[in-house]
Amino acid sequence: MEHLHADAAQRYADLVARGSEAVLGLDFDGTLAPIVEDPTRARIHPDAAAAVLAAGRHLGAVAVITGRPVRQALDLGDLAELSDGLVEAGRELFVLGQYGNERWSSSHPEVVVPPVPAGVDAFAADLPAALRSADAADAYIEDKGLAVAVHTRRLADASAAYNRLLPVLGALADTHGLTVEPGRQVIEVRGGETHKGEAVRTLAAELDARGFCFVGDDLGDVEAFRAVEELRADGMAGLLVCSGSEEQPALRDLADVLVPGPDGVVAFLRELAADLAARPLA
Ligand SMILES: [Mg+2]
């Protein structure tokens, strides 16, 4: 783990000291699961669940907070199994999907989904023409129910296509009253005001948390980082971990520590687990 902020070591120590009063929040893609060309084939890192469990058993709760629908995250992450392990340790797993719009937890293992926001269906209907107008007709469209994601990773000119599409989809989203969420070779358009920052704040309040560690890799995690910064300003222990990505320097600039991708996240969680286990009991 590389320290990016002068206070990183102290913030890490503060988090460890809070132990079971702290919450661990984790993004999925690029954090727990390596980024792959076909988003339907992303799988959790083979050592990630064990590492999350090792750390999570000493913390208050673990939350996977992702842009993916809950069902997908549960499947691609084998998260029900992780949940069983955490429950055995007396802990709870939360899976907050679609940036916090969908919710699942160990104690309420049903996906709670709000109604599809107005505008999403109309946006989807206008989308093929918009893609053609940006010379990106073959971009992969992912229907997420509450949102639509356009992936450019598999196009021959992925980055150029992304740059052409961003303003076009932004304008179209605007006309339908929707929000654009730019990511790593993916542009997501969704309704609602909910973002990962709201998810962090809601969970921290609900669990009466006194510490929050968030690990993420992408622009969609910026709001979560800012929420943890605010909680920290209010006296909570907060640690921000960037799962290193050359593609996304914006998040790295906000982070306390940098780890090299999902491999580095696993190593970080193992170190955190060891330090939590070794902490003197109050
Ligand atoms: Mg991510």
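In this predicted model, Arg190 lies over the face of Tyr99, 4.6 Å from the ring centre.

Searching the whole structure gives 2 aromatic pairs. One of them joins Tyr12 and Phe268: the ring centres are 6.3 Å apart and the planes stand at 70 degrees, so this counts as edge-to-face. Since Tyr12 belongs to helix α1 (residues 8–18) and Phe268 to helix α10, the pair ties together parts that are 256 residues apart in sequence. Both partners are tucked away from the surface: Tyr12 is buried at a relative accessible area of 9%, and Phe268 is buried at 1%.

The other pair is made by Phe214 and Phe225, whose centres are 6.1 Å apart and whose planes are at 80 degrees, so edge-to-face applies here too.

In soluble globular proteins, nonpolar side chains tend to be buried together. The largest nonpolar core here has 41 residues, and Leu79, Leu93, Phe268 and Leu269 are the ones with the most contacts inside it. Helix α10 (residues 261–278) supplies the largest share of this core, 7 residues. Neighbours within four places in sequence aside, Leu269 is in contact with Leu24, Leu26, Ala51, Val52 and Ala55. There is also a second, separate core of 26 residues, with Phe94, Ala199, Leu240 and Cys242 among its members.

The magnesium ion has three aspartates as its protein donors, Asp27 (OD), Asp29 (O) and Asp217 (OD), lying 2.1 Å from the ion. Written along the sequence, the spacing of these donor residues is D-x1-D-x187-D. The site thus brings distant parts of the chain into one place: Asp29 is in the loop between β2 (22–26) and α2 (48–56), while Asp217 is in the loop between β10 (211–216) and α8 (222–233), 188 residues apart. Asp217 counts as buried because its relative accessibility is 1%, under the 20% cut-off.

Technical notes
Residues are numbered from 1 along each chain as its sequence is written. Side-chain values use heavy atoms; hydrogens and water are left out. A nonpolar core is a set of buried Ala, Val, Leu, Ile, Met, Phe, Trp, Tyr and Cys residues joined through side-chain atoms within 4.5 Å. Buried means under 20% relative accessible area, exposed over 50%, partly exposed in between (1.4 Å probe, protein chains only). Helices (H or I, at least four residues) and strands (E, at least two) are DSSP runs, numbered from the N terminus. Contact means heavy atoms within 4.5 Å. Donors are N, O and S atoms within 2.8 Å of the metal (3.2 Å for Na, K and Ca); water is not among the atoms, so sites may look incomplete. Rings of Phe, Tyr and Trp (its six-membered ring) pair if their centres lie within 6.5 Å; planes under 30 degrees apart count as stacked, over 60 as edge-to-face and the rest as tilted. A charge sits over a ring if NZ of Lys or CZ of Arg is within 6 Å of the ring centre and within 35 degrees of the ring normal.
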